[in-house]
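Dear colleague,

Please find the structure below, with the sequence alongside. My notes on it follow.

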Amino acid sequence: MCALFTLTASGEKVTVAFKKRRHDKSAVWCVWASVVRVTCRSTTIIRKSAKLSKPSSLVWDSKMGFVAAVVFAVCCWFSHGVAGQEEPIQTFVIPHSHMDVGWVYTIQESMHAYAANVYSSVTEELSKVKERRFIAVEQEFFRLWWDTVASDTQKKQVRQLIKEGRLEFIIGGQVMHDEAVTDLDDDILQMMEGHGFLYETFGVRPQFSWHVDPFGASATTPVLFALAGFNAHLISRIDYDLKDIMQKNKKLQFVWRGSPSLKSQQEIFTHTMDQFSYCTPSYLPFSNRSGFYWNGVALFPDPPKDGVYPNMSLPVTKETVHAYAKTMVENIKQRAAWFRTNHVLWPWGCDKQFYNSSVQFNNMDPLMKYINQNSKEFGVTVQYATLSEYFQTIYQSNLTWEVRGSEDFLPYSTEPYQAWTGFYASRNVLKGVARQASSRLYAAETLFTRYRISFPDGPVAKDWALDKLRVLRWAVSEVQHHDGITGTESPKVADMYLQHLLQAMMGAEELLAALFLLPHNLQSPSILGERYPTKADVDQTLEQHVIVYNPLAWNITTIVNVTVTQPSAAVFDDDGQPVPAQIQGSAHSNATYDLFIVVELGGLQYRKYLIKFPENSKAYEAKAVSFERRSVKDRAKAGRRLLPVLSECYELLFDQDTNLLHSITYLEEKRRVMITQDFWEYDANGDVKAGPISDNYIFSANGSAVRAYKAVEMEIIPGKIVTEIRQYFYREESDKDYAYSITTRVPECFGTKLPCHRLEQTYSLGPLSLNTEVVLRTSTSVKNNRTLYSDDNGYQMMKRTYRKFTNNTLARNYFPMVRTAYIEDDLSRLVLVSDRAHGVSSQTDGQLEVMLHRRLWNNLQWNLGYNLTLNDSSVVRPTLWMMLGSVSATSKLYQREAVQLQHRPVVMPIDQPQKPWQVKEPKRGSPLRSVVLPPNLHLLSLSIPGWNYCSNHSVHLSHIQSGKDLHSQPDYDRILLRIMHLFEEGEDPELSKPVTINLKEALQGMGEVKGVEERSLTGTWDIASLQRWKWKTADNLEKDNKQQRRQDDDFTVTISPKEIRTFFVHFVSRNF
């Protein structure tokens, strides 16, 4: 993702690479001055290729000559001042290749064009010279290379390089995950997948991060890395103006306490890369080629047969070595001035580099030797290094570091008009499918785990089942890449992600069906019993079976929706008892019906339901009441005719003169809040000559939003289980088809266990007009002063205070919403929880605005060249659940509601409507026992990872050294259990308290627990042996970074607010 420019000075062209940082004029001027010196010639910077900053041309006219001379003098003085230090600057040259798992090219294209060659050539070149180093980051490419390309000789070399510490795995996840729009579940999953492979295969456990390219930094990420056992964290992309200040004040390094509840318990030292980011500065004042990239630029689709790539740097020779050294040293000194220690991290590499490592190292080796031979003259020493070697040196400096609290670095801007807040809503369909796949994986993991514990010899083949799970784990992990779920990839890569997800989900559906339907042992019948045809009977009705599974470890009473093709129905549970149900015409099809069923399920339980389709329905048949179309011109009449819709929690008033929501009263406190919901759209500029543009990444509104419709229709379907309000929005008064819709479901839960606080809303948008960005605007009487709260990765809520900027205030006040957003005042709080990520803002007092869909095209050559357009013509149907109440009341609810929306019950029809079969019901043993955790604890993970490593680290290393094949026999008996406390410290008087549970008792519904061992977040560390580095901080808190855990006995644990605890659990074997 390197930005390349051509700079013309005195008739000479020079290629310059900047890392998405056009905004840093001081750095650019130093480079210009080095080339132009004091020559007063016209100089123009032209963008050649880049990902990210979308530059306009910068022109230097003759009036800037004097400025250039002054800046050059300042830069030179600054550099020589640093060189005067007694000790030379110690420079850690870290070779790396940034390998996007997606973005412009598919995984297959990247593997063929360059990725496989990176690991093949790096392995060969590191083996030749012991001083050489390399860090490997994204595991997906490495695993593909290891499994499909690497020879036995190369694998042996890799093991030796790892043993010597010269090849180091950093982060260790499948991908470098995005930090703004990913969910906590999936961040952990992709990291665990990579860590499990690395530990099983090599016995290594990554301890440092390299999060150089995600578009902003979440406060959740450092917490997760600390929980995984990391000693230091590295970030790069933060607001350009903030980075400038931090550089100036030498505050790019700090200790980050990402969680306000965990505080110093999970703090981590954090290094922020300077303005040059992770790419080597490539400008050479003595050449018209870029520098330090001797292997050039990767070619697609095929590597060149002659090995000659475009833009290969000028070789290092006797004639060029001094000029190269001078250029490198000047950059090192510039960077050294921004940090507190005399140690400089100098990343050597960029996107798609080191596919020809031989030419890279054969040029850098003599250059570094020359600098070290002249270190007294240069004031600099250089050495190849891994990231751990750099951080070890910083740690040993024993400095006292400032503490950063739980603030994040979101949103992210690279320039005044380049706010990277558009990707929060880009490719809504992909974001939705990614979360659906994650939810289906969660359900399949928990059900298979229960099955294996209870029926280890059952007919569902364990190898087949684990293969299905691993394919879906891989697909869900892959799309978390920072150019994946963000929606910032090319269309063909988006299609690749969707294909991988959908195919893997089909495999998980097959697994779920097998677990539901196959008998648990060969002597017992299936859940459907023994079935055979009955004699023909013309009076017989059709019937269908549906299984509903609750994947959460809480008891639930909820409403599920089954799409059927018959207009009447009756529903019975597996005891033959009638179940409350309601049937009505579908909101989105004239050919189908929505059958709403009230289900009661214990934690991790499923039940079978029988649907009969008689002529006389036992389910309530709800009928729609339609209201005539109303024009926005009629707004003057608003508020005269209000229609109430009542539930046990709320009274909703709809205005018949506008067909819009008017207000909601939450009945417990009899407090009314004025609320209106409708659709607005921002007009996006697509012409770079006309001003700032919006694209996959960037939101740059061309003015304020305008109303996206001119008329509204409404119909209300009163029911006994749910009342549904459907609102249809038309672009023009005379349009036949609506452009947008809101479907609101109000549970009619009087006297039942159904929760009444949840208002379920589903929206329909699209296809959009080109260059429009559509938002759902909820306008209320809440006095929030434009302050909102949105979540970091579904883990914690962040306060988002409205800020005014000289430019681009609107876009820079958009924030990511992964699961939850709310506004509040002293009396009321309005909460929205979501089934996928969106952008959210509060542009005026009382307003909560959610960006739901974008369709964009622009003529920026960089976007066109890489096909990074967002001409998304899809129809999207996201879901939000809305809650209204006092701050104290909603504080008890929204965390659980967000989890329940993410992990709704799995509804699986297991046959088609057909004539009934005579059924010999199976003999009923004990029903599937429930597994229920306290209301403030969430079962974050319950799975069989399958990694076959010994929990004892020393024993595991001995297995690896003996050459034992650990991949061949997965471990099916080790269960991974992960439990999270949902509440922040002090958030609720009761629910925020630490919770003590006995795991043996809590899990007895699954089987008898015989052993529990606590592990790090990804399972690779025994928590008792994990001792992270202790960094000195300015507040002098006494702390012990050995993981503190309260465990009263072998099975009793105490979980404090926001803690995530991970365990390996072993059950007593059952044999049937």
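**A buried threonine**

T592 is buried, its relative accessible area being 18%, because the cut-off for buried is under 20%. This threonine sits in the loop that joins β20 (581–585) to β21 (593–601). Apart from neighbours within four places in sequence, T592 is in contact with T563, V564, G585 and S586. Please bear in mind that the model is predicted.

**The chain as a whole**

The chain has 1072 residues, and 64% of them are buried. Its secondary structure consists of 21 helices and 51 strands. Of the contacts with a separation of 6 or more, 76% are between residues 24 or more positions apart.

**Confidence**

The mean pLDDT of the chain is 89, and 87% of the residues score at least 70. Residues 1–85 have a pLDDT below 50, and this stretch has 202 contacts in the model beyond near neighbours in sequence. Where pLDDT is low, the predicted coordinates should not be read in detail.

**L314**

L314 lies in the loop between β10 (268–272) and α9 (321–336). Is this residue L314 buried, exposed or partly exposed? L314 counts as partly exposed because its relative accessibility is 21%, and the partly exposed class lies between the 20% limit for buried and the 50% limit for exposed. Leaving out neighbours within four places in sequence, the residues in contact with L314 are F286, S287, R289, S290, W294, T320 and Y324. G296 is 18 residues from L314 along the chain, and the C-alpha atoms of the two are separated by 10.0 Å.

**W857 and a surface patch**

W857 is in the loop between β41 (847–855) and α17 (861–866). With a relative accessibility of 36%, W857 counts as partly exposed. Which residues form a nonpolar patch on the surface with W857? They are L770 and L864, and together with W857 they have about 260 Å² of accessible area.

**In short**

The three places to look at in the viewer are given here again. T592 is in the loop between β20 and β21, and T592 is buried. L314, in the loop between β10 and α9, is partly exposed.

Regards

Key:
Residues numbered from 1 in each chain as written. Predicted model: local features only at pLDDT ≥ 70, side-chain atom pairs only at ≥ 80, totals over all residues. Heavy atoms only, no water. Helix = DSSP H or I, 4+ residues; strand = E, 2+ residues; numbered from the N terminus. Buried < 20%, exposed > 50% of the residue type's maximum accessible area, 1.4 Å probe, protein only. Contact = heavy atoms within 4.5 Å. pLDDT = per-residue confidence, 0-100. Patch = residues over 30% accessible without salt bridge, like charges linked within 9 Å, V, L, I, M, F, W, Y side chains within 5 Å. Areas by Shrake-Rupley, 256 points an atom, 1.4 Å probe, with all protein chains shown as cover. Salt bridge = Lys/Arg side-chain N within 4 Å of Asp/Glu carboxyl O.
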